[in-house]
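Biologist: I would like to go through the terms used for this model one by one. Please set each value against its definition.

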Amino acid sequence: MKNGKNNTLKDIIRNNSIEFGVGVGLIILFIVFSVASPYFLKTNNLYNILYQVSAIGILAVAQTMVILTGGIDLSIGSIFTLSGWLMCFLIKEIGFIEGMAIGLLVGLLCGAINGFLIAVTRLEPFIITLGTMSIFHGIVYIISNSKAVSNLPIILETIDDYQLLGIPSYVIILLIIFILGQLFLFYTKTGRMIYAIGSNELAARFSGIPVHLYKMVPYVLVGLLSFVAVFIQSAHLMAIDANAGTNLNLESITAVVIGGTSLLGGRGSLIGTAIGVLLIGVLGNGLNMMGVSSYWQRVVVGVILIAAVASQKITISARGKFEEKK
Amino acid sequence: METILQVKNINKYFGGIHALVDVDLAFKCGEVHCIVGENGAGKSTLGKIIAGIHKSDTGELVFKDAIYKELTPAMAKELKIAMVTQELNLMPHLSISENIFMFEKDSYLNNVIINRKLINEKTNKLFEHFALSNLPPVTTNVENLTLAQQQIVEIMKANSQKNNLLIFDEPTTTLSIGEVKQLFTLIRDLKQEKVSIVLITHRLKEVFEIGDVVTVLCDGNIVKNRIPVKDTTERELVEWMVGRDIKDFFGKKETLKIGKPVLEAKELSDGDSFKDISFTVHENEILGFAGLIGAGRTEIMETIFGVRKQASGEVLLNGKRIDHLSIKQRIKEGVSFVPEDRKGKGLAIKLPVNSNMNQVEMNLKDGLIVYEGQYWEKNEDMVKQLRIRLVNMLQNVTNLSGGNQQKVLLSKWLSQDPAIFIFDEPTRGIDVGTKTEIYALIKKLAKQGKAIIMVSSELQELIAICDRIVVINEGRITSVFDRNNASEPKILEKMIPAK
């Protein structure tokens, strides 16, 4: 927005109160863990956190866009696995470029299929992607026979180890995707239309916006970003198995929701999602250091999710009252 | 007449807004007490305090001789006070009879199993009692009813017990003329049964048709307390409501020279709700569309704009066919449409004011990159020009009043400078002050050479503003009136389906 005339810092905080709220939560966690463990703030550990959230973070970017339109993509983890498994297999069998290209194409194709089905059938995205989640994962099992691909060529390790000014490659990619994503949402026509459609699809139609065309875009982006995410993860692990992305469906949604994006669409941002992703990463890492078992960590993530959304709801209604008052 | 309820010294705050200021008011048995006032005057709030839905901050309610600090919905029910609220509170997937009786204890066998036979019988009896005949069977799910029928169900729900006091909050907004008649018969019956009726309304005509006394609220204050209806006039009421003298409510109508044709419809049909619709609207002309709710007016306009599928016929803009074009292309050619359902079809309710204003413009823009800040000055101009009252443009649009929301909706099209404006119920649910502003705006646009279509259910408004009025009856044009020979009775006659 053009600043300086009407909006004060107070307005900015008020309009982004949810992001600020989750941000404060993240800072508190940071302080608690750095007091609790001297290793927490070590550069290596921080990079480690970022690596741990790299796949889920990249997926959450795409998932945010889908959810902003009022949709949801439950097949995101299956697309991740399908395009990743094919990529790894083909890199090993045929060659690096060919494997990459086909992996990317398969990801895009899967996303396009979702978007196309949603636009044509006008069914709920939940139903369509619940179906394709099963279809895509089924295909992985069929072609892989449930076998993992390992011993990938050394070039992947080189990419994984690459550093720019001492910053690991996956951190750079993660950062670029978040920044580009946020710019896309705020400064491109498609981005603004995503918000308009999620806020009131009918009103968007009555403004002449080709709603179904724009609604397809985020699903295709899911395909693209699933490929990027799986590439980073396989390069790091130098292997992929047929269940690589199973948990990512729901985890990506968890991060988006903690970050303050409304499941009904129209409200949210990638800044919120970034904070949500970091919160999950920091929590996991910190609890690990404190010796909390991973079983308990799952319980904690669930509690945080519900607490975060409940507090956001309170914030929103308080803000409504505040504006009414004015 | 016996006083059934008195409210004393009621004050109510919503955040910083003082919604009701020291309200003292009495309600009597067998009397229709109308409450009028602009939007936000506090009418509904007062009704809701009496019905126990809202709590007042100070004051008390005296029911017969008992004094209550405040009421809860359960207590109100016990005192037999009911309210038909403006928002419908029906459960769409349940039947009519379940909606009416599901909260009664007697509707369940041993308090557990629902006694469908009983509640269906009770509902039928209720309908018979009020001589309602044109409703579907009581086992029909509410979602299959029209909005007007749903409203009737809501009214029946409030009448499922014999009430002492019954509050209607704008009950006629969604009803067509025939159903309004039915409702008024019902109110007269209730009056005979000594029920105290409170009628909150926007439509001043209704006050004179059915009211006994009228109370005027302005900004939460009672400006006129229990004036006998026969001692006042419509104009006087408007002046009290607005708190100022309105010289000419609709403004003066200049007779403009009608220019060349802009939009033509030829034998248009959507194969369902309307047929054989042909008309032309010219430059400098305001063409009105009258008709009952459900007559097909909105459907015609949505078809012309392109959001509804057209079955046959032609739509021409400046002599060029546009009916094969997408909505976006039609907008580019100069068509614009302000829909009737502001929150449902008009505004992006989660977005700030400026994003709403820019929606059409951004969609038409070529290229991929937009920066909403680039429209900031244009938006500010629009806010000034239309006198939109807001805190700032980043404010969420839902927090504006109805009139200001309507202005935001208008501004999204005004900035496009279209050749034709289609307004569907442009003044529904907005206050008197904003109404006059919108009339002035529409007339200004006509003067600038725009062609204007105005769909409205308020005949007075159509007669005052339009050059010609097309009457739609069950999806067909029954008559076209010239401004000089249009009158309410004549138009009404053509609106109502022949039996």
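Modeller: Start with chain B, where strand β9 (residues 165-169) and strand β10 (residues 196-200) run parallel and are joined by five bridges. This is a predicted model, in which local features need pLDDT of at least 70, side-chain atom pairs count only at pLDDT 80 or more, and totals for chains, interfaces and linings use all residues. Residues are numbered from 1 along each chain as its sequence is written, with chains lettered from A and ligands numbered from 1 in the order in which they are written.

Biologist: Why are β9 and β10 of chain B called paired?

Modeller: Two strands pair if DSSP finds at least two bridges between them. There are five bridges here, so β9(B) and β10(B) count as paired. Across them, B:Phe168 stands opposite B:Leu199 in β10(B). The strands themselves are DSSP runs (E, at least two residues), as helices are (H or I, at least four), numbered from the N terminus.

Biologist: Which sheet holds these strands, and in what order?

Modeller: An open sheet of six strands in chain B, ordered β6-β9-β10-β3-β11-β12, with mixed pairing.

Biologist: What makes β6 and β12 of chain B edge strands?

Modeller: Each of β6 (81-84) and β12 (221-228) pairs on one side only. Neighbouring strands of the sheet are turned by 15° against each other on average, direction ignored.

Biologist: How do you know that helix α6 of chain B packs on the sheet?

Modeller: Helix α6 (residues 177-192) touches β3 (32-37), β9 and β10 of chain B. Contact requires C-beta atoms, placed from the backbone, within 7 Å. The direction of α6 makes about 150° with that of β10(B); axes are lines fitted to C-alpha atoms, for helices over the stretch in contact, and angles run from 0 to 180 degrees between N-to-C directions. Helix α8 (residues 234-242) of chain B lies across β3, β11 (213-218) and β12, at about 30° to β11(B).

Biologist: Which strands pair with β13 of chain B?

Modeller: β13 (residues 261-269) is joined to β14 (residues 277-282) by five bridges, antiparallel. β13(B) also pairs with β16 (residues 312-317) over five bridges in the antiparallel sense. B:Glu264 has B:Thr280 as its bridge partner in β14(B) and B:Leu316 in β16(B).

Biologist: What makes both faces of strand β18 of chain B covered?

Modeller: In β18 (residues 335-338), B:Val335 and B:Phe337 on one side and B:Ser336 and B:Val338 on the other are all buried. Buried means 20 or more other C-beta atoms within 10 Å of the residue's own; 12 or fewer is exposed, anything in between partly exposed. β18(B) runs parallel to β19 (residues 420-424), joined by four bridges, and B:Val338 stands opposite B:Phe423 in β19(B).

Biologist: Which residues touch the most other members of the largest nonpolar core?

Modeller: Among them are A:Leu59, A:Leu225, B:Ile422 and B:Ile453, in a core of 158 residues. Such a core is a set of buried Ala, Val, Leu, Ile, Met, Phe, Trp, Tyr and Cys residues joined through C-beta atoms within 7 Å. Helix α12 (residues 211-237) of chain A gives the most to this core, with 14 residues. Beyond neighbours within four places in sequence, the contacts of B:Ile422 include B:Phe305, B:Phe337 and B:Ile453.

Biologist: How do you know that the radius of gyration of chain A agrees with a compact globule?

Modeller: The radius is taken over C-alpha atoms, and the rule is 2.2 Å times the number of residues to the power 0.38. For 326 residues that gives a value near 20 Å; chain A has 20 Å, so the two agree. Of those residues, 46% count as buried.

Technical notes: Two residues are in contact if their C-beta atoms, placed from the backbone, lie within 7 Å.
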